[in-house]
Amino acid sequence: MPNAHLRNDANVKRFLGKHFVALLITYRLNSDLPEQAARVEAISGTVFRIHKAYSYLTAGHCLARVRELLTSDQVEVLAVSLADGFGEGRIDNHPVP
């Protein structure tokens, strides 16, 4: 049976955790008060490699949200990073800038 190793929730979480990567966008709205904490948007996806090129795969509505944040004149983007600490056996929980 294909994917027999994914028969229970724990196995599914273990499998997906190894492949899930969040694109984190830290930003402020221009209307935010200076003492207000920065906002963080987490965009779900995965990284894959074809030959020597790495790409980030996500859903269309996620790409629309990224475009909205990056092009809005109401938003100041402070940082963008990748979080890859969801799977078992991870080495580090810090996002990659």
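The chain has two helices and four strands, where helices (H or I, at least four residues) and strands (E, at least two) are DSSP runs numbered from the N terminus. Along the sequence these elements follow the pattern α-β-β-β-α-β. This is a predicted model, in which local features need a pLDDT of at least 70 and side-chain atom pairs count only at pLDDT 80 or more, while totals for chains, interfaces and linings use all residues. Residues are numbered from 1 along each chain as its sequence is written, and side-chain values use heavy atoms, with hydrogens and water left out.

**Confidence**
- The chain averages a pLDDT of 83, and 73% of the residues score at least 70; pLDDT is the predictor's confidence in each residue, from 0 to 100.
- Among the elements of the chain, helix α1 (residues 9-19) has the lowest mean pLDDT, 67, whereas α2 has the highest, 96.
- Where pLDDT is low, the predicted coordinates should not be read in detail.

**Surface and core**
- Of the 97 residues of the chain, 21% count as buried, a word that means under 20% relative accessible area, with exposed meaning over 50% and partly exposed in between (1.4 Å probe, protein chains only).
- The largest nonpolar core is made up of eight residues, L23, I25, Y27, I43, C62, V66, L69 and V75; such a core is a set of buried Ala, Val, Leu, Ile, Met, Phe, Trp, Tyr and Cys residues joined through side-chain atoms within 4.5 Å.
- Strand β1 (21-29) and helix α2 (60-71) each supply at least two residues of this core.

**Residue T58**
- T58 lies in the loop between β3 (53-57) and α2, and T58 counts as buried because its relative accessible area is 18%.
- The side chain of T58 reaches the backbone oxygen of S44 at 2.5 Å, and, leaving aside neighbours within four places in sequence, T58 is in contact with I43, S44, G45 and L63.

**Residue E68**
- E68 is found in helix α2, and E68 is described as partly exposed because its relative accessible area is 46%.
- A polar contact of 2.7 Å joins the side chains of E68 and R65, the term standing for a pair of N or O atoms within 3.5 Å, of which, within protein, one must be able to donate a hydrogen and the other to accept it, while residues adjacent in sequence count only if both atoms are side-chain atoms.

Notes:
Contact means heavy atoms within 4.5 Å.
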